Amino acid sequence: MKSATKMVRSLTCGVAALGVVLLAGGWPDAAWAQGKSGPFSLFDNIFTGSSQTQDPPPQAAVPSASGVQPWSGEDGASGHPLMTAQAIREAAGNFDNCIAGLWPDAARRGISQDSYQRFTAGLTPDLRIMDLMDSQPEFTKAIWDYLDILVNDNRMAKGREVLAQYKTIFDAAEKAYGVDRYIIASIWGIESNYSTMIGDRSVLRSTATLACVGRRQAYFKDEFLVALEILHRGDLRPEQMRGSWAGAFGPTQFMPTAFKRFAVDGDGDGRRDVVDNPTDLIFSTANNLKKDGWQSGQTWGYEVVVPQGFNYMLADKARAMTLPQWEQLGLKRANNQPFPKMAEKAYLLAPAGSQGPGFLMMTNFRVIMKYNPAEAYAMAIGHFADRLRGGPPFVQPWPRQERVLSRAERLELQQLLAQRGFYKGTPDGQFGGQTREALRNFQASVGAPADGFASSEMLDRLRVR
């Protein structure tokens with residue numbers, strides 16, 4: 001889950017069922033955003049980063065007799081040469097040789113030949129993953145719909161039950177790592193709906209497939225070999241290592257390399273079991289956040305009222321200022337309360353542009369994004385944690401009247417921005433920082449609030465110029 005290890009973790013839980021791409025636009029425009037869970041995620045086209053999800057609905061293929069959705073047999077939507085149908089078939093045909101060829105690397109990691117043969121015996125590629133890797137959802141959800149789905153009464157009730165049931169473990173984890181228990185409980189709830197939606201694909205088979213087939217083989221070779229290390233060491237059994245198609249497993253969704261770096265033996269039984277052992281799960285998640293820079297006693301962010309006529313070019317994560325500086329620019333907390341720690345720095349996030357609420361994001365928000373690099377995900381985690389501790393819903397309304405752009409419209413918007421010299425990338429229908437910056441510059445040129453919000457009105461204005 002680090003650097004190129006962050007986006008994969010999320011492809012397992014309930015969020016994925018949404019197939020979301022947020023209205024405001026999100027993943028970095030480069031095909032691969034870099035994050036703790038790797039290069040994929042349920043949020044693979046979301047506001048800024050990632051989340052989780054179950055497999056999207058089948059496209060054209062007919063389910064097999066076993067009920068497992070087969071590979072479509074089609075070229076991947078990315079256009080990558082290793083994602084053509086021919087390249088996928090050729091790599092699948094060489095799968096056994098590929099796995100055998102990884103033995104020397106495994107031996108250098110201390111994996112015995114017996115373990116390697118035992119755990120790789122009978123492995124076959126799961127080519128359905130190729131469709132999931134390259135899926136590009138046509139329909140999207142706005143950030144407010146996404147938050148409505150994730151932060152709901154049922155999940156909050158279950159979260160409070162979990163906090164009460166494991167109170168002594170949360171007490172110990174807070175004392176050891178200084179990480180807010182409500183954030184840990186929130187991650188547990190949003191990643192897997194409290195262990196009820198973990199995913200059912202073999203982590204070993206998924207990572208082996210991706211190590212030998214498709215466009216991310218170098219990255220997934222490491223994930224595959226680390227999965228073998230985990231099994232060889234005996235921390236987990238093969239049947240416990242089941243999760244998303246990209247290899248994220250457990251209630252808080254660890255990639256194998258993230259497990260290796262962050263998992264701890266919380267109860268001293270000699271194993272690091274982040275799947276079925278609540279102590280190891282809670283301690284390991286806390287350790288992950290702590291090592292990523294969690295600041296004890298600090299919140300993740302504040303909902304703020306942004307004044308009319310505000311210069312939204314200042315809404316940039318690279319423009320962190322102290323809270324008094326933001327107050328001087330006219331921002332105030334939405335609940336009219338003072339900021340408790342005025343020396344802290346924050347950046348302004350306006351996920352729905354000038355039409356919606358603003359948020360001043362603190363260091364811990366950036367830490368949550370290291371866990372899963374999507375602004376929408378991090379907002380959901382922070383807000384859910386606040387609700388679990390008894391906090392209120394957001395104060396200001398979202399612009400729910402806004403129509404979500406289809407993928408074709410997102411592509412058209414990028415093409416029109418490129419024609420006018422604002423967008424320098426390759427139009428692909430996936431919004432990220434480059435698209436947002438181009439849109440902001442266009443908005444400024446026409447006298448509109450430069451908030452980077454990809455509304456249907458902005459698309460119409462581009463069409464008529």
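## Exercises on salt bridges, a buried arginine and a sheet

At 15% relative accessibility, Arg201 counts as buried (buried means under 20% relative accessible area, exposed over 50%, partly exposed in between, with a 1.4 Å probe and protein chains only). Please keep in mind that this is a predicted model, where local features need pLDDT of at least 70, side-chain atom pairs count only at pLDDT 80 or more, and totals for chains, interfaces and linings use all residues. Residues are numbered from 1 along each chain as its sequence is written, and side-chain values use heavy atoms, with hydrogens and water left out.

**Exercise 1.** Find which side chain meets that of Asp126 in a salt bridge, and say what the pair ties together.

*Solution.* Start with the partner: the side chains of Asp126 and Arg201 form a salt bridge at 2.8 Å, N to O (a side-chain nitrogen of Lys or Arg within 4 Å of a carboxyl oxygen of Asp or Glu). Helices (H or I, at least four residues) and strands (E, at least two) are DSSP runs, numbered from the N terminus. Finally, check the cover: Asp126 is buried, at 9% relative accessibility.

**Exercise 2.** Work out whether Asp105 and Arg108 are buried, partly exposed or exposed, and where they lie.

*Solution.* First, both residues belong to helix 3 (residues 103–108), 3 residues apart, about one turn of the helix. Then compare the values with the cut-offs: Asp105 has 27% and counts as partly exposed, while Arg108 has 65% and counts as exposed.

**Exercise 3.** Describe the surroundings of Arg155.

*Solution.* Begin with its place, helix 7 (residues 153–165). Arg155 is buried yet has no salt bridge; Glu191, the nearest side chain of opposite charge, is 10 Å away (Lys and Arg count as positive, Asp and Glu as negative; His and the chain ends are not counted). Now look at the backbone oxygen of Leu150: a polar atom of the Arg155 side chain lies 2.7 Å from it.

**Exercise 4.** Identify the edge strands of the open sheet.

*Solution.* Write down the order of the 5 strands, 4-6-7-3-5, with antiparallel pairing (two strands pair if DSSP finds at least two bridges between them). Strand 4 (321–322) and strand 5 (332–333) are at the edges, each with a single partner strand, so one side of each has no neighbour in the sheet. For strand 4, the antiparallel partner is strand 6 (residues 345–349), over 2 bridges.

Note on methods: Polar contact = N/O pair within 3.5 Å; in protein donor to acceptor, adjacent residues only side chain to side chain. Contact = heavy atoms within 4.5 Å.
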